[in-house]
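Open the model in your viewer and keep the sequence panel beside it. The stops below go from the whole chain to single residues.

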Amino acid sequence: MLDGTATLLKHHFPLGIIQTAQSVMEARERIQQRPPDLLLIDLCLPEQWGDEATITTGLEFLQELMGQYPDLNLTIQSSNLKALIRILPDLDSHHGGLTLVDKSSSPEELLRKVDWAINGITHTKEIQGNLEFRPEWLHVLHLAFEQGLQDKAIAREMNRSERTIRHYWSKIQDALSIYPESEHNMRSLTQIRAREVGLID
C-alpha cells in the first residue's frame with residue numbers, strides 16, 4: 001500500500017520530492033533532516049523496523065509531531081479514523097492543514113484531501129462529535145480492556161483509590177450513554193461502545 005500511495009503522489013506532484021518511511025524512527029529522522037510540506041501518515045505504525053505496528057504508537061507519534069511542528073500539514077490515512085477521538089484536543093489546536101481519509105477511499109478522494117491539507121484546510125468531520133473524554137478515563141479504559149486489569153489493580157497503577165476508579169467508570173458510562181439494564185453487563189457494554197467510537201482498539 002505504501003508503494004502504491006507513493007506512486008500515486010509522484011504522478012500527482014511530478015516536481016515534488018516524495019519520501020517514504022516504514023517506522024516511526026525512520027520517519028522521525030527524515031522529518032528532522034528536511035521537514036516536509038505535507039506528511040501523509042498512517043495511524044497504525046511500528047516504532048522501529050520489526051516491531052508490531054499499533055495505533056497507540058501512531059497516535060503518540062502524531063501528538064509528538066503536532067507538538068514539535070505545529071504548522072505541519074497533515075493528511076491522516078487509516079482504516080480506524082475513530083481512534084483519533086483520543087487526541088481530539090491536539091487535533092483541534094493544530095495550526096497546519098489537517099485532513100482525514102479512510103484507507104478504503106478512492107485515489108481521487110485521497111488526492112483531494114492531500115491538496116486540501118497542503119493548502120492549509122482542516123477537514124476532520126469524520127471524528128467530530130459531542131463525545132469528550134478526560135485523559136484519566138481513557139487510561140482506565142486502556143488498563144481495563146487492553147491490559148485486562150481489575151479495578152483494584154487499575155487503582156494501584158493510577159495511584160488512585162478504588163472509589164475514584166468506580167467514579168471514573170460511572171462518568172465513562174454516562175458519557176457513552178450506558179445505563180443499568182436488567183439483562184446487560186454494563187462493563188461488557190462499555191467495552192463494546194468504547195470500541196465502536198474509537199476510544200480503544
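The accessible surface of the protein comes to about 11700 Å², and carbon and sulfur atoms account for 47% of it. Accessible areas here come from the Shrake-Rupley method with a 1.4 Å probe, and for residues only the protein chains shown count as cover. This is a predicted model, in which local features need pLDDT of at least 70 and side-chain atom pairs count only at pLDDT 80 or more, while totals for chains, interfaces and linings use all residues. Residues are numbered from 1 along each chain as its sequence is written, and side-chain values use heavy atoms, with hydrogens and water left out.

**Whole chain**

Show the C-alpha trace: along its principal axes it spans about 60 × 30 × 30 Å. Of the 201 residues, 40% count as buried (buried means under 20% relative accessible area, exposed over 50%, partly exposed in between, with a 1.4 Å probe and protein chains only). Among contacts between residues at least 6 apart in sequence, 58% join residues at least 24 apart; contact means heavy atoms within 4.5 Å.

Switch to cartoon and colour by secondary structure. There are nine helices and four strands, and along the sequence they follow the pattern α-α-β-α-β-α-β-α-β-α-α-α-α. Helices (H or I, at least four residues) and strands (E, at least two) are DSSP runs, numbered from the N terminus.

**The sheet**

Select the four strands. They form an open sheet in the order β1-β2-β3-β4, with parallel pairing; two strands pair if DSSP finds at least two bridges between them. β1 (38–42) and β4 (122–123) stand at the edges with a single partner strand each, so one side of each has no neighbour in the sheet.

Axes are lines fitted to C-alpha atoms, for helices over the stretch in contact, and angles run from 0 to 180 degrees between N-to-C directions.

Now select β2 (residues 73–78). How many of its residues are buried? Six of the six are, so the strand is largely enclosed by the rest of the structure. Display the side chains: N73, T75 and Q77 point one way from β2, and L74, I76 and S78 point the other way.

Look next at the partners of β2. β1 pairs with β2 in the parallel sense over five bridges, and L38 has N73 as its bridge partner. β2 and β3 (residues 98–102) are also joined in the parallel sense over five bridges, with L74 opposite L98 in β3.

Select T5, in helix α1 (residues 2–12). T5 has 11% relative accessibility and therefore counts as buried. Leaving aside neighbours within four places in sequence, T5 is in contact with L40, Q77 and L110.

Move to H94, in the loop between α4 (88–92) and β3. Is H94 buried or exposed? H94 is buried, at a relative accessible area of 9%. With neighbours within four places in sequence set aside, its contacts are M66, Y69, P70, D71, L72 and L74. Draw a C-alpha to C-alpha distance from H94 to Q63: the two are 9.8 Å apart in space and 31 residues apart in sequence.

**Helices α7 and α8**

Select α7 (residues 151–158) and α8 (residues 162–175). Their axes come within 9 Å and cross at roughly 105°. That makes α7 roughly perpendicular to α8 (angles under 35 degrees count as roughly parallel, over 145 as roughly antiparallel, 65 to 115 as roughly perpendicular and the rest as oblique).

Show the side chains at the contact. α7 contributes D151, K152, I154, A155 and M158, and α8 contributes E162, I165, R166, Y168 and W169. By class there are six nonpolar, no polar and four charged residues (Ala, Val, Leu, Ile, Met, Phe, Trp, Tyr, Cys and Pro count as nonpolar, Asp, Glu, Lys and Arg as charged, and the others, Gly among them, as polar).

**Two loop residues**

Select N159, in the loop between α7 and α8. Its phi is near 60°, a positive value in a residue other than glycine. N159 is exposed, with a relative accessible area of 71%.

Finish at S177, in the loop between α8 and α9 (186–196). S177 is not a glycine, yet has a positive phi of about 60°. S177 is exposed, at a relative accessible area of 53%.
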